[in-house]
Amino acid sequence: MAKKNDLFVTVGVLAYNSAATVLETLESIAVQTYKNIELIVCDDGSKDNTAEVVRSWIALNKRLFVRVELLTVEENTGTPANCNRLLRAAKGEWLKIIAADDILLPQCIEDFVDYVCRTANVKIVYSNYNCFIKENDGTIRITGAKISEEVNELFDRDAQTQLYTYIEQGFNISPAVFMELEFARSIGFIEKYKVFEDTPFYVKVLQGGTKIYHLDKDTVLYRSDGDSVTREKHRTHFFKRPFYDYILLFRKEMIYPLYPWYKISFWIQEISFLSNVYFSIHVLRNERNVLTQTIYNIYKILNPYYLYIFLKRKL
């Protein structure tokens with residue numbers, strides 16, 4: 001097992017139109033208590049001046065890292081392709097990926113390195129993390145933990161059990177994952193699901209029999225305001241169509257084959273989810289306002305899945 005200070009870690013920043021937030025992310029990496037780090041920023045064809053902002057910051061701060069690289073492409077290729085470019089370019093033994101609008105806590109890398117150095121057989125680990133929003137005066141307000149203790153306990157099982165828990169609970173571990181680079185390369189990110197990279201990746205990890213370990217510490221702040229593929233500051237639509245089109249394709253190809261017809265609880269949940277999407281997009285025309293939101297809420301109350309959950313809890 002490697003000594004703590006010997007591990008060479010790649011911190012990879014995934015950026016797309018991130019000029020307004022990427023400096024906060026970079027500054028959080030610069031003040032890491034663990035120093036044996038290479039920094040790679042992967043800009044996926046931003047239309048703003050993200051690349052210029054990053055270049056200027058690197059020129060002033062590259063001395064803080066063992067190695068620094070900025071990867072750019074002319075056209076946007078999607079998050080999975082951006083991740084795969086990072087995997088090919090990385091030189092480290094372990095990898096921490098972070099979005100260019102999130103923040104690493106100062107001991108993030110040190111805590112992860114300490115954990116993998118004292119834990120046998122670990123290839124991939126996630127930690128606790130908190131959500132935050134940026135106030136108008138520039139201060140950061142923590143809005144709460146993203147993953148509950150109950151879910152963490154439920155997820156602390158073998159890989160096969162983790163697989164179904166991950167699918168059915170629908171929680172997001174991606175902002176706080178740390179993984180062995182060669183292992184990550186062996187899995188790879190599926191580029192056909194262009195607008196999201198994490199869920200297909202972790203499903204492949206767990207299907208292959210590799211357990212995802214848990215570090216019971218906070219290491220990351222996850223931005224819950226702003227704009228990304230799935231987050232909008234002022235939402236005017238129920239769903240972003242490209243994102244949910246890819247979600248549905250992924251579920252048909254990778255999730256449905258895992259569930260035979262007699263897994264009734266899964267199929268009730270799935271049909272309910274699909275009916276919500278269909279109702280929002282085709283009946284409410286995906287237009288979110290006070291009236292349509294009220295109608296949508298009533299529809300959800302009448303949804304058989306929520307009735308099933310209610311009865312399950314009472315019985």
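**Pockets, helices and loops**

Biologist: How many nonpolar, polar and charged residues does the lining of the second largest pocket have?

Modeller: The lining of the second largest pocket comprises eight nonpolar, six polar and six charged residues. Here Ala, Val, Leu, Ile, Met, Phe, Trp, Tyr, Cys and Pro count as nonpolar, Asp, Glu, Lys and Arg as charged, and the others, Gly among them, as polar. Please note that this is a predicted model, in which local features need pLDDT of at least 70 and side-chain atom pairs count only at pLDDT 80 or more, while totals for chains, interfaces and linings use all residues. Residues are numbered from 1 along each chain as its sequence is written, and side-chain values use heavy atoms, with hydrogens and water left out.

Biologist: Which residues lie nearest the centre of that second largest pocket?

Modeller: N128, E149, N152, H214 and D216 lie nearest its centre, out of 20 lining residues. Strand 6 (124–134), helix 5 (149–155) and strand 9 (213–223) are the elements that give two or more residues to this lining. Helices (H or I, at least four residues) and strands (E, at least two) are DSSP runs, numbered from the N terminus.

Biologist: What volume does the second largest pocket have?

Modeller: Its volume is about 260 Å³. On a 1 Å grid over the protein atoms alone, a pocket is an open set of points with protein on both sides within 12 Å along at least five of seven lines, a cavity is a set where a 1.4 Å probe fits but cannot get out, and lining residues have an atom within 4 Å of a point. Points are joined across faces, edges and corners, and a volume is the space filled by probe spheres set on them.

Biologist: And how many cavities of 30 Å³ or more does the count come to?

Modeller: The count is one cavity of 30 Å³ or more. The largest cavity holds about 40 Å³ of space.

Biologist: Which residues line the largest cavity?

Modeller: I29, A30, Q32, Y34, K35, I37, L64 and F65 line the largest cavity. By class, this lining has six nonpolar residues, one polar and one charged.

Biologist: Changing topic: how do helix 1 and helix 2 cross?

Modeller: The axes of helix 1 (residues 22–30) and helix 2 (residues 50–61) come within 10 Å and cross at roughly 25 degrees. Axes are lines fitted to C-alpha atoms, for helices over the stretch in contact, and angles run from 0 to 180 degrees between N-to-C directions. Helix 1 and helix 2 are therefore roughly parallel to each other; angles under 35 degrees count as roughly parallel, over 145 as roughly antiparallel, 65 to 115 as roughly perpendicular and the rest as oblique.

Biologist: Left-handed or right-handed, that crossing of helix 1 and helix 2?

Modeller: Their crossing is right-handed. A crossing is left-handed if the near helix is turned anticlockwise from the far one by less than a right angle, and right-handed if clockwise.

Biologist: What about helix 10 and helix 11?

Modeller: Helix 10 (residues 264–283) and helix 11 (residues 290–301) have axes that come within 11 Å and cross at roughly 155 degrees. They are therefore roughly antiparallel to each other, and helix 10 passes helix 11 in a right-handed crossing.

Biologist: Where does N286 lie?

Modeller: N286 is in the loop between helix 10 and helix 11. Its phi is near 60 degrees, a positive value in a residue other than glycine. N286 is buried, at a relative accessible area of 8%. Buried means under 20% relative accessible area, exposed over 50%, and partly exposed in between (1.4 Å probe, protein chains only).

Biologist: How about helix 9 and helix 10: left-handed or right-handed?

Modeller: Helix 9 and helix 10 make a left-handed crossing. The axes of helix 9 (residues 241–255) and helix 10 come within 12 Å and cross at roughly 155 degrees.

Biologist: Lastly, how many residues of helix 4 are buried?

Modeller: Eight of the 11 residues of helix 4 (residues 108–118) are buried, so the helix is mostly covered. Among them are C108, I109, F112 and Y115.
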